[in-house]
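Visitor: I'd like to learn how to read charged pairs and strands in a model like this one. Could you walk me through it?

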Amino acid sequence: MLYNFSGCVVQSRAEYSESEYLVGDPQNNFQNRQLAQLSPALVLPGEVPRLIDEWQEVTSIWDAVRYEVDVRGEKGQFILTGSSTPKRKGVLHSGVGRIGKLRMRPMSLYEAGCSSGEVSLAELCEGKLTPKLTGDVDIYNLIGYIIRGGWPGNQEVPIESAGLLPKEYIAGIVDDEVHRIDDVRRDKRKVELLLRSLARNESTTVTNNTIMNNIKEFDDEDLDKNTVSVYMDILNRLFLTDNQAPFSTNIRSSIRVKQAEKRHFADPSLACALLGATPEKLLGDLNTLGFLFEALCERDLRIYAESFDAKLYHYQDYNNNEIDAVIELKNGQWCAFEIKLGANQIDSAAAQLINIKNTIAEQKGGIPPSVLCVICGMSNAAYKREDGVFVVPITALKN
C-alpha cells in the first residue's frame, strides 16, 4: 500500500501497475465510487499489479483486497494508494501479513533533474567517494528548489508562480481534509495558527509547549496543550508533517541523549508557502534560508537512505552536541552529516563532526560514526578532506 502526499501516485501508475481503478474519478457522477460502495469485489478484477487509487474513500475495499489476496495466494496483486490515513471505521481486518505499507514522498533533487547524481549516498555511507569537480551552484537555484519543492507538477513552473501549488495544497488541507479525516469539525483558524508556527520552527526540535508560546508571541492567540496535540496528530495522519526521529548511539552508552523529534513538513515548499517566502525575502534572511535548506537536504537524505533500507535520524545530547542528520545502516553502523549552505562553513562543520566522534568514542558503550560528511549547498566539488571528513554538494547526490 502506498500513501501519497502530493500527486506522486502518477509515477506509480506508469511504472508499477498493469491496470488501475480510480475511486475518485468524477466521470458519470462518480460512478467508480458508487460501484465500489455497492460491491468492493467488483473493482478488483484486472491485470496485476492492479492499482486502486484513493481506496480510503471506500474503506471496505481494504477488506475485499485482504480477502482476495488470501484466495489467490500470490504476492504483488494490488497497489492501494491514498492521500491520507484512512478512517478505521468500516475496516474489519488490519491487513497484517497481507498488506505492506510504504510512504510515498515528494521528488528528490535527483528525481527532479536538479542533482547530477555523481555521488551515491549508499557508496558514501561505505566510505567510498571518487573526488570530482561538480560545478558551481547558484544560490538562486537552491532557493528555487526550496520554493518549488518536490511536486511533480511544479517543476516547470516559473519561480514567481511556484509558491501557488503548495499554498493551495495547504488551503485544501485546512478547508477540507482536517475535517474529513474523522468527520469532526475543527477550528480553521487554530489549524492555520499551528501550521504557521510549525513553519517558523522548521528544522528545529521545539516542544509542543514552545509551539504554544510561539503562537502567543507571534499571533497573540492561545491554543491549549490538548488542542495542539490533537491537531499535530491530524497533520501527521494527513502526511503533511514528516518529523525526524532522535538517534541514540547505543542503549548502553553513558551519554544522555535527547529524545525530541526534529520538526519537518513533508516538503520545504510547504513551510515557504506558510511563511510567504520569496527569493528576495530568503536572500534577506539567511537564517531562515539555512533552516529551509537543511529541510531540503534532510528530505533528500531520507528518500535516498530508504532506497537501500537505511534510516534517517538526528542527534542531540545534553552536552550541547548536535548532528544534523544521522543515517543508520542495516548492519548497525551509522554515518554523521552536517548540513551547511555556504562553503565558508565547511571547516567549522568538519571540526564539529570530528569532536562529536571523539567524544562518543571515549564514552563507555559508545559506538562512533563510521563516516563523517558535510553536505553543502554552495560547494563545487565532492572530495575527502585530510582530516577524513567528506564534503558533498547536495546537487551532486543520489541514492
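Visitor: What does Lys 188 form with Asp 175, and how far apart are the closest N and O atoms?

Guide: The general idea is that side chains of opposite charge can pair when their charged atoms come close. A salt bridge here is a side-chain nitrogen of Lys or Arg within 4 Å of a carboxyl oxygen of Asp or Glu. Lys 188 and Asp 175 form one, with their closest N and O atoms 2.9 Å apart. The pair links distant parts of the chain, 13 residues apart: Lys 188 sits in helix α7 (residues 188-200) and Asp 175 in helix α6 (residues 164-180). Helices (H or I, at least four residues) and strands (E, at least two) are DSSP runs, numbered from the N terminus. Bear in mind that this is a predicted model, where local features need pLDDT of at least 70, side-chain atom pairs count only at pLDDT 80 or more, and totals for chains, interfaces and linings use all residues. Residues are numbered from 1 along each chain as its sequence is written, and side-chain values use heavy atoms, with hydrogens and water left out.

Visitor: Is Asp 219, the salt-bridge partner of Arg 196, buried or exposed?

Guide: First the cut-offs: buried means under 20% relative accessible area, exposed over 50%, and partly exposed in between (1.4 Å probe, protein chains only). Asp 219 is buried, at 18%, while Arg 196 is partly exposed at 24%. Their side chains meet at 3.4 Å, N to O. Arg 196 lies in helix α7 and Asp 219 in helix α8 (residues 208-219), so the pair ties together parts that are 23 residues apart in sequence.

Visitor: How many salt bridges does a search of the whole structure find?

Guide: The search finds 21. Another one joins Arg 385 and Asp 347 at 2.8 Å, N to O. Asp 347 is exposed, with a relative accessible area of 52%. Some bridges share partners, and these join Arg 103, Arg 105, Asp 242, Arg 302 and Glu 306 into one network.

Visitor: Now strands. In which sense do β3 and β4 pair?

Guide: Two strands pair if DSSP finds at least two bridges between them. Strand β3 (residues 50-53) and β4 pair in the parallel sense, over four bridges. Arg 50, for instance, has Phe 78 in β4 as its bridge partner.

Visitor: And how many residues of β4 are buried?

Guide: Five of the five residues in β4 (residues 78-82) are buried. Phe 78, Leu 80 and Gly 82 point one way, and Ile 79 and Thr 81 the other way.
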